[in-house]
Amino acid sequence: MEQLLMQHPEWQGKIVLVQIANPARGKGKDVKEVQAETNAAVKRINKTFGKPGYDPVVLIDAPLKFYEKVAYYVVAECCLVTAVRDGMNLIPYEYIISRQGNDRLNKLLGQEPSAPKKSMLVISEFIGCSPSLSGAIRVNPWNIESVADAMDSALEMAEPEKQLRHEKHYRYVSTHDVGYWARSFLQDLERTCRDHSKRRCWGIGFGLSFRVVALDPNFKKLSLERIVSAYKRSTTRAILLDYDGTLMPQASIDKSPSSKSIDIINSLCRDKNNMVFLVSARSRNTVAEWFSECEKLGLAAEHGYFLRLTRDAEWETCVPVADITWKQIAEPVMQLYTETTDGSTIEDKETSLVWCYEDADPDFGSCQAKELLDHLESVLANEPVTVKSGQSIVEVKPQGVSKGLVAKHLLSIMQENETSPDFVLCIGDDRSDEDMFEVIVTSMAGPSLAQNAEVFACTVGRKP
Ligand SMILES: O=P(O)(O)OC[C@H]1O[C@H](O[C@H]2O[C@H](CO)[C@@H](O)[C@H](O)[C@H]2O)[C@H](O)[C@@H](O)[C@@H]1O
């Protein structure tokens, strides 16, 4: 209010802010400090901008009955909710309903029933109901100047627009009533529980991180004995390994493979019955450098767009050369999110662009990632790309390129060479690896696998 009266002196003497301070739920030094600061601010503003008979701020620092609050809402031209952190704040909804009124209220206020209604809301972008109220003016409450400007716009706005905004607000609130939310929660619950009786429960973790997860009946906990005995029985094997999160723990600082991983891969590759492939979304230069000691290892980079059968073979591309002109659209959008998300970076690969937020604040990073995903999907809707989120990343890659292509390609090479595998092991950790799993599992019924082939599609860590 102080800022508004300074920025827009024309409102001095004309407006009043009624600050309803809900009684504090706790006690202590912090609460006392906030109360003292509030009282001091009110005193200062009223001293500076008030005059006899006019106090610009009225602080109500006592419990109010609900009907008393409604009385304030009914007459308020604008409702201001500027919490810096909150849950599902319902005050804006109560304000809208109060402003819509009813016949009794119309009579009391001497209004015609057909008189148009208005409600103006200035709300913090951090409150739960903020995205649902499309007619509200959203603000960052930390930015006091912009809150003051938003209050000014709310007061200045033309009457027809105020009415239009109220119509929007009221339509939303009256259609999303308690019955609507109850039905929608029940539907979600039913959908989630539909197959619950068919699911199998597993206890995982220890101590405080112990939890029970319900998984598909086809899910099997990997048994080392089973896999080793299947491996020993088999004669031709296809082994597909993802890199980040699978061969390399996600939290590692040094992302290059350990000498132990290189040794294990080389010992798998030495067996002439094995076809071993590293299938990663990383760039071809990175994986080529990291696995330069693995002569017989097949490499698939950038989700399989680039493929190399052995270290000394040429790189092939799985699909026709990718058009990357879309990068000119995607890059500036990612740049915007990088500037506003401390710790985030952009990775520019040959065929794809990645926004990484591993080093940003995890909560803020994941909020920004959700927003960026939507933003990119809308600006790239007509481009031949797909936008996906992964472990602390949002990635744009050419349409049709997936790790599933690598699995298909490998199985078809083996089939052409009449060496269809009777053992397939595929290990991954995120959604992009599910494409490989799908291909190998659906191939079980087809000619690309030997009859009675043993297939292991394994997720490391949490099932996506
Ligand atoms: O297919 P993968 O081998 O699992 O690769 C997935 C992504 O790996 C890399 O990102 C990961 O490491 C980054 C740091 O180097 C980190 O910022 C990010 O959060 C991790 O997901 C790679 O940079 C991405 O291009 C790959 O898509």
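In this predicted model, the charged end of R284 is placed over the ring of F306, at 4.0 Å from the centre of that ring. F306 also takes part in a ring pair with W315, in which the two centres are 6.5 Å apart and the planes stand at 75 degrees, so the arrangement is classed as edge-to-face, given that planes over 60 degrees apart are counted in this way. The two partners of this pair can be described by their accessibility: F306 has a relative accessible area of 6% and is therefore buried, a term that applies under 20%, whereas W315, with a relative accessible area of 22%, is partly exposed.

Strand 11 (residues 306-308) and strand 10 (residues 298-301) run antiparallel and are joined by three bridges. Both strands are part of an open sheet of seven strands with mixed pairing, arranged in the order 12-11-10-9-8-17-18. The edges of this sheet are formed by strand 12 (316-317) and strand 18 (454-459), each of which pairs on one side only. Helix 15 (residues 431-442) lies across strand 8 (237-242), strand 9 (274-279), strand 17 (423-428) and strand 18, and the helix runs at about 165 degrees to strand 18.

Further aromatic contacts were found elsewhere in the model. In total, 12 aromatic pairs were counted, and ring pairs link Y180, W181 and F185 into a cluster.

Technical notes: Residues are numbered from 1 along each chain as its sequence is written. This is a predicted model: local features need pLDDT of at least 70, side-chain atom pairs count only at pLDDT 80 or more; totals for chains, interfaces and linings use all residues. Side-chain values use heavy atoms; hydrogens and water are left out. Two strands pair if DSSP finds at least two bridges between them. Helices (H or I, at least four residues) and strands (E, at least two) are DSSP runs, numbered from the N terminus. Contact means heavy atoms within 4.5 Å. Axes are lines fitted to C-alpha atoms, for helices over the stretch in contact, and angles run from 0 to 180 degrees between N-to-C directions. Rings of Phe, Tyr and Trp (its six-membered ring) pair if their centres lie within 6.5 Å; planes under 30 degrees apart count as stacked, over 60 as edge-to-face and the rest as tilted. Buried means under 20% relative accessible area, exposed over 50%, partly exposed in between (1.4 Å probe, protein chains only). A charge sits over a ring if NZ of Lys or CZ of Arg is within 6 Å of the ring centre and within 35 degrees of the ring normal.
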